[in-house]
Amino acid sequence: MTEFSSRPIETGSALLRFGMTVDERERSLLAPYARFSCDSLGRKIAEEEHPYRGPFQRDRDRILHSAAFRRLSGKMQVFTGEMGDYHRTRLTHTQEVASIARTIGRVLRLNEDLIEALALVHDIGHPPYGHAGEDALNECLHDEGGFSHNQFALTIVEDMEIRYANFRGLNLTREVLDGQLNRTDKSATNQQPLLEVQLVDVADSTTYDAHDTDDAIKLGLVSLSDMQQVPIIDECVEVVRRRYASISDDLLIRAMVKELIDRQVTDIIESSAAGLAERDFASAEEARVSDFRIGPGPILAEQKRELERFLYDNVYRHPDLIAVRKQAQQRLRKMFEGYVAQPELFPAKYQERAKRVGVKRMAGDYLAGMTDRFCEEMYRRHFATPV
Ligand code: MG
C-alpha cells in the first residue's frame with residue numbers, strides 16, 4: 001500500500017499577514033466532526049504546502065483545471081442523441097451537485113473545500129453516451145475486469161491526466177481519492193466514508209432526481225401530469241399552485257423543480273443536523289466509525305425511491321431513447337474492436353500507455369475519455385462503413 005505523507009501548513013507566511021491561515025479559518029467555521037485540512041492524510045508524492053490554499057482547495061483547483069473536467073461539457077447527462085441541447089450535461093450536473101452539497105455542508109459546518117473537490121471529481125469518469133456507453137464498454141472489457149465510471153475517475157486522476165513534470169495524474173489528497181474509491185466499492189477503503197463524502201453522495205441523488213424530472217418534461221418524454229402520479233411531484237405542484245394564484249405551465253414546472261430541490265435540501269439538513277446535535281461527535285474519526293449517516297429522513301427517502309422508480313421505468317427506459325442508445329452502443333463496440341485491431345490510431349501520448357496497460361484497456365480508456373461529439377467524429381473518420 002502506498003504511503004501518504006502530509007506536511008504541516010505554513011502559518012507564518014507574509015502572504016497571510018492580514019488574512020487568516022487556512023487552519024485559523026477552519027477552526028473558526030467548521031464543526032469538530034468536519035475533516036480539517038491540517039488533519040489531511042496527505043498525498044502519495046509529498047509536496048510543499050501552498051502558502052494560502054489548503055490541500056483540499058488545491059485538489060478542487062487541480063480537478064477544475066484538468067482536461068477530463070472540461071470534457072464533461074460534451075457529455076450528456078441522460079443520453080438522448082439529437083433531441084436538443086437544452087438539457088443537462090455532465091458538467092452542469094456536476095456544478096449543481098457542488099452547489100447543493102456546499103449549501104448543505106455550510107449549514108452542517110463541514111469542510112466546503114473538501115466537499116467541492118469531491119463533487120467536481122465524482123462524475124469525471126463518465127464515458128460518452130451516458131449509462132448506455134458505460135454498459136457497452138463494460139461488455140467490451142469483460143475479460144479485462146470490466147469498466148465502471150467510478151473506477152475510471154480514479155484512473156484519470158491517478159494516471160491519465162499529465163499536467164505536472166514530477167508525477168503522473170493530479171496527486172490528490174488521500175481524502176479525495178478514498179472518497180472516490182468509496183463510490184466504486186463501499187468496502188474498498190476498509191473504513192466508513194467521511195461525512196463530506198456521505199454528503200456529496202446524497203447531494204448527487206438530490207440533484208439528479210430534480211434535474212432528470214425537469215429534463216424529462218422539457219424533452220417531452222413525459223408530461224407534467226404523468227409525473228404527478230409520483231406523490232412528491234404532486235405535492236410540489238400543489239405547493240406551487242397554492243403559492244401563485246395563476247402561473248403559466250412553463251413557470252409552474254420551474255417552480256416545481258425548485259420546490260423539489262428545496263424540499264430535499266431542507267429535509268437532509270434537518271434530519272442530519274438533528275442526528276449530529278444528538279451524537280455530539282468530537283472528531284471526524286468518531287463520526288465516521290459511528291452508524292450515523294447524512295441523508296434524508298425516512299419519509300423523504302421513500303418518496304425519492306418512488307420518484308427514481310418512475311424515472312427509471314418511464315424516462316431512462318423510454319422507447320425513444322432505447323433505439324438511440326442501441327445505435328450508440330453498436331458504434332462503441334465497433335470502435336473498440338477497431339482500436340484494438342489498429343492501436344496505431346491512438347494518439348502518440350497513449351502509445352506508451354497501451355504497452356503498459358494493454359491494448360484492450362487502452363482502447364476502452366481512450367473511448368471512455370471522449371465526448372459524445374468527438375466519439376461520433378472518430379467513428380466517422382475511422383470506422384464508418386462507406387455507403
Ligand atoms: Mg453524479
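Biologist: How much space lies in the largest cavity?

Modeller: The largest cavity holds about 70 Å³ of space. A cavity is a set of points on a 1 Å grid over the protein atoms alone, where a 1.4 Å probe fits but cannot get out. Grid points are joined across faces, edges and corners, and the volume is the space filled by probe spheres set on those points.

Biologist: What kind of model is this, and how are residues numbered?

Modeller: This is a predicted model, in which local features need pLDDT of at least 70 and side-chain atom pairs count only at pLDDT 80 or more, while totals for chains, interfaces and linings use all residues. Residues are numbered from 1 along each chain as its sequence is written, and side-chain values use heavy atoms, with hydrogens and water left out.

Biologist: How many cavities of 30 Å³ or more are there?

Modeller: The count is four.

Biologist: Which residues line the largest one?

Modeller: Its lining has 11 residues, and D178, G179, P193, L194 and R288 lie nearest the centre. A lining residue has an atom within 4 Å of a grid point. Helix α8 (residues 174-184) gives the most, with four residues. Helices are DSSP runs of H or I with at least four residues, numbered from the N terminus.

Biologist: What classes do the residues of that lining divide into?

Modeller: Three are nonpolar, five polar and three charged. Here Ala, Val, Leu, Ile, Met, Phe, Trp, Tyr, Cys and Pro count as nonpolar, Asp, Glu, Lys and Arg as charged, and the others, Gly among them, as polar.

Biologist: Pockets next. What volume has the largest pocket?

Modeller: The largest pocket has a volume of about 650 Å³. A pocket is an open set of grid points with protein on both sides within 12 Å along at least five of seven lines. The lining of this pocket has 26 residues, and Q77, R90, H131, Y312 and Y316 are the closest to its centre.

Biologist: Which element gives the most to that lining?

Modeller: That is α9, with five residues. The elements that give two or more residues are α4 (90-108), α6 (130-140), α9 (195-218), α14 (298-316) and α15 (319-341). By class, the lining of the largest pocket has eight nonpolar, eight polar and 10 charged residues.

Biologist: Now the metal. Which protein atoms are the donors of the magnesium ion?

Modeller: They are H93 (NE2), H122 (NE2), D123 (OD) and D204 (OD), at 2.2 to 2.3 Å from the ion. Donors are N, O and S atoms within 2.8 Å of the metal (3.2 Å for Na, K and Ca); water is not among the atoms, so sites may look incomplete. Along the chain, the donors follow the spacing H-x28-H-D-x80-D.

Biologist: Are H122 and D123 buried or exposed?

Modeller: Both H122 and D123 are buried. Buried means under 20% relative accessible area, exposed means over 50%, and partly exposed lies in between (1.4 Å probe, protein chains only).

Biologist: What about α6: which residues are buried there?

Modeller: In α6, the buried residues are G130, A132, G133, E134, A136, L137 and C140. They pack against α4, α7 (149-160), α15 and α17 (359-369).

Biologist: Where does Y129 lie?

Modeller: Y129 is in the loop between α5 (112-121) and α6. Its phi is positive, about 65°, although Y129 is not a glycine. Most residues other than glycine have a negative phi. Y129 counts as buried because its relative accessibility is 0%.

Biologist: And D280: is it buried or exposed?

Modeller: D280 is exposed because its relative accessible area is 60%. D280 also has a positive phi, near 55°, and is found in the loop between α12 (249-279) and α13 (284-289).

Biologist: Last topic: which residues touch the most other members of the largest nonpolar core?

Modeller: Of the 80 residues in that core, these are I63, L110, I294, M335 and Y339. A nonpolar core is a set of buried Ala, Val, Leu, Ile, Met, Phe, Trp, Tyr and Cys residues joined through side-chain atoms within 4.5 Å. Apart from it lies another core of 27 residues, including A210, L221, V230 and L311.

Biologist: What does V257 contact?

Modeller: Leaving aside neighbours within four places in sequence, V257 is in contact with A210 and D214, where contact means heavy atoms within 4.5 Å. V257 is in helix α12.
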